[in-house]
Amino acid sequence: MQEFLDDFRATISLAAERFELISEVQSQFPRAEGKWSPREILGHLIDSAANNHQRFVRAQFTDELVFAGYEQAEWVDVQRYQDEPWSDLVQLWRLYNGHILHLIEVTPAEQRTKQRAKHNLHQIASDLLSEDEPVTLEWFMRDYLDHMKKHLGQIYESLPASQSVSPAAAVG
Ligand code: NI
């Protein structure tokens with residue numbers, strides 16, 4: 001568990017550092033035709049934080065892990081993340097995830113690790129899971145970080161070439 005918490009903390013601070021290398025203008029460029037820009041990806045991660053914050057709290061008052069999903073692309077559209085400053089989104093994302101990390105840290109082990117037979121994580125989780133398989137809240141918390149990392153990787157593609165973290169650049 002400690003390793004997971006350290007990974008979570010390091011992921012947030014590394015991302016916050018790298019986000020500073022992306023300018024306001026750059027943050028509005030879509031990665032490709034019809035794809036989200038860094039602002040929109042980060043907006044999606046803020047939506048993910050907001051939804052999962054609630055789920056992680058609600059899970060502590062029930063034996064189930066059954067939660068409402070959300071219309072991810074539509075959420076990004078209606079909130080017009082493109083029109084909000086990158087620097088504000090970065091702060092909001094960083095502080096919100098700092099709180100979620102704190103929440104995970106203070107969640108009693110018993111809540112984190114108890115097996116939950118009834119869940120709908122096969123529908124709302126990022127990683128694959130069978131409907132019949134019992135699952136723990138900790139699995140879902142780890143899934144939250146996995147999902148975050150996938151999208152952070154997409155944002156890192158927008159870093160200036162000299163700051164690129166691709167293997168090719170690391171070799172040079
Ligand atoms: Ni996503």
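Mentor: A definition comes first: axes are lines fitted to C-alpha atoms, for helices over the stretch in contact, and angles run from 0 to 180 degrees between N-to-C directions. Helices are DSSP runs of H or I with at least four residues, strands are runs of E with at least two, and both are numbered from the N terminus. This is a predicted model, in which local features need pLDDT of at least 70 and side-chain atom pairs count only at pLDDT 80 or more, while totals for chains, interfaces and linings use all residues. Residues are numbered from 1 along each chain as its sequence is written.

Trainee: At what angle do helix 1 and helix 7 pack?

Mentor: The angle between helix 1 and helix 7 (residues 137-156) is about 25 degrees, and their axes are 11 Å apart. That makes the two helices roughly parallel, a label for angles under 35 degrees; those over 145 count as roughly antiparallel, 65 to 115 as roughly perpendicular and the rest as oblique.

Trainee: Is the crossing of helix 1 and helix 7 left-handed or right-handed?

Mentor: Helix 1 passes helix 7 in a left-handed crossing, where the near helix is turned anticlockwise from the far one by less than a right angle; clockwise would be right-handed.

Trainee: Which residues meet there?

Mentor: Helix 1 contributes F4, D7, F8, T11, A15 and R18, and helix 7 contributes R142, L145, M148, K149, L152 and Y156. Contact requires C-beta atoms, placed from the backbone, to lie within 7 Å. The residues of this contact divide into seven nonpolar, one polar and four charged. Nonpolar covers Ala, Val, Leu, Ile, Met, Phe, Trp, Tyr, Cys and Pro, charged covers Asp, Glu, Lys and Arg, and the others, Gly among them, are polar.

Trainee: And how do helix 1 and helix 4 cross?

Mentor: The axes of helix 1 (residues 2-19) and helix 4 (residues 86-106) come within 10 Å and cross at roughly 175 degrees. Helix 1 is therefore roughly antiparallel to helix 4. The contact involves L5, F8, R9, I12, A16 and F19 of helix 1, together with V90, R94, N97, G98, L101, I104 and E105 of helix 4. Its residues comprise eight nonpolar, two polar and three charged.

Trainee: Turning to the whole chain, how many helices and strands are there?

Mentor: The chain has eight helices and zero strands. Its radius of gyration is 17 Å, close to the 16 Å that the globule rule gives for 172 residues, so the chain is as compact as a globular protein of that length. The radius is taken over C-alpha atoms, and the rule is 2.2 Å times the number of residues to the power 0.38. Along the principal axes, the C-alpha atoms fill a box of roughly 45 × 35 × 25 Å.

Trainee: What share of the residues is buried?

Mentor: Buried residues make up 24% of the 172. A residue is buried if 20 or more other C-beta atoms, placed from the backbone, lie within 10 Å of its own, exposed if 12 or fewer, and partly exposed in between.

Trainee: Where is R80, and what is its phi?

Mentor: R80 lies in the loop between helix 3 and helix 4. Its phi is near 50 degrees, a positive value in a residue other than glycine. R80 counts as exposed because it has 11 C-beta neighbours inside 10 Å.

Trainee: Why does D77 count as partly exposed?

Mentor: D77, in helix 3 (residues 72-79), is partly exposed because it has 13 C-beta neighbours inside 10 Å.

Key:
Two residues are in contact if their C-beta atoms, placed from the backbone, lie within 7 Å.
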